[in-house]
Amino acid sequence: MAHDKRIALVTGANQGVGLQVAKELVANAVTVFVGSRDLKRGEEAAREIGAGAIPIQLDVRDIDSIANAAKRIGNEFGRLDLLVNNAAISNTRKGNLSLEEYVKISKASNVPLDEVRAVWETNVFGVLAVYQAMLPLLRLSSDARIVNVSSGAGSLTANADPSFPHHAYFGPVYPASKAALNAITLAMMIELEETGIKVNLVSPAFTKTNLNGYQGTESVEDGSREVVRVALLGPEGPTGTFTRWENTTIPW
């Protein structure tokens with residue numbers, strides 16, 4: 001691998017939006033570590049992407065796994081230029097229930113705390129853990145950027161409006177986990193605003209992926225478009241933004 005190329009890590013890159021983002025970054029001459037909880041699935045994804053993709057075992061819920069990934073990236077390249085925190089889950093117990101049925105059993109008054117903890121463990125604490133482990137490598141880059149993949153479902157401003165189409169679906173599991181991720185991202189932005197490290201928050205489209213049981217309305221190509229655009233921004237590109245796939249700002 002050429003060490004003069006940008007070096008990226010994409011978490012949850014063995015499927016869905018993460019896989020598409022990894023494909024497009026490699027197509028744009030970025031060397032991409034394809035993060036996958038299951039190494040075999042990561043290897044399969046890397047083979048599908050081709051030269052420039054490197055499979056790496058990374059479970060965002062496992063501190064040792066994250067530390068090992070950071071050590072490997074450091075040993076092989078000595079830095080990290082781009083971190084795309086994409087890994088996420090929407091639930092652990094929806095099964096064959098419709099979204100409406102799942103919402104009914106996942107309200108603030110009746111949702112099992114174990115369900116909340118499981119989703120937040122990946123979507124919130126996992127992102128923070130990866131950030132903490134990879135930040136020393138990002139500090140060694142001359143053009144570092146962090147892109148956190150969130151959701152418009154986590155916008156407190158939008159969801160507080162009764163006329164918002166998804167207002168009735170806001171709950172303490174997935175939507176609130178994304179609201180928390182947005183807050184964590186803001187903390188990163190503030191911490192790094194005096195450095196050269198850029199931080200951006202992006203919401204992909206409602207994409208047909210495993211995250212939503214393939215009930216989404218957009219292709220992974222369209223759903224990944226804004227994530228890829230922001231990830232490929234150069235050193236003069238903005239920081240501190242929260243945008244959606246149409247490249248429009250999302251209210252916090």
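1. Because the model is predicted, local features need pLDDT of at least 70 and side-chain atom pairs count only at pLDDT 80 or more, while totals for chains, interfaces and linings use all residues. Residues are numbered from 1 along each chain as its sequence is written, and side-chain values use heavy atoms, with hydrogens and water left out.

2. Helix α1 covers residues 16-27, where helices are DSSP runs of H or I with at least four residues and strands are runs of E with at least two, numbered from the N terminus. Its twelve residues reach 17 Å from first C-alpha to last, close to the 16 Å expected, a span taken as 1.5 Å times one less than the number of residues. After α1 comes Ala29, with a positive phi near 70 degrees.

3. Among the buried residues of α1 are Val17, Leu19, Val21 and Leu25; buried means under 20% relative accessible area, exposed over 50% and partly exposed in between, with a 1.4 Å probe and protein chains only.

4. The largest nonpolar core has 34 residues, and Leu9, Leu80 and Met134 have the most contacts inside it; such a core is a set of buried Ala, Val, Leu, Ile, Met, Phe, Trp, Tyr and Cys residues joined through side-chain atoms within 4.5 Å. Its largest share, eight residues, comes from α5. Apart from this core lies another of 26 residues, including Ala22 and Val26.

5. Asp81 sits in the loop between α3 and β4, and it counts as buried because its relative accessibility is 4%.
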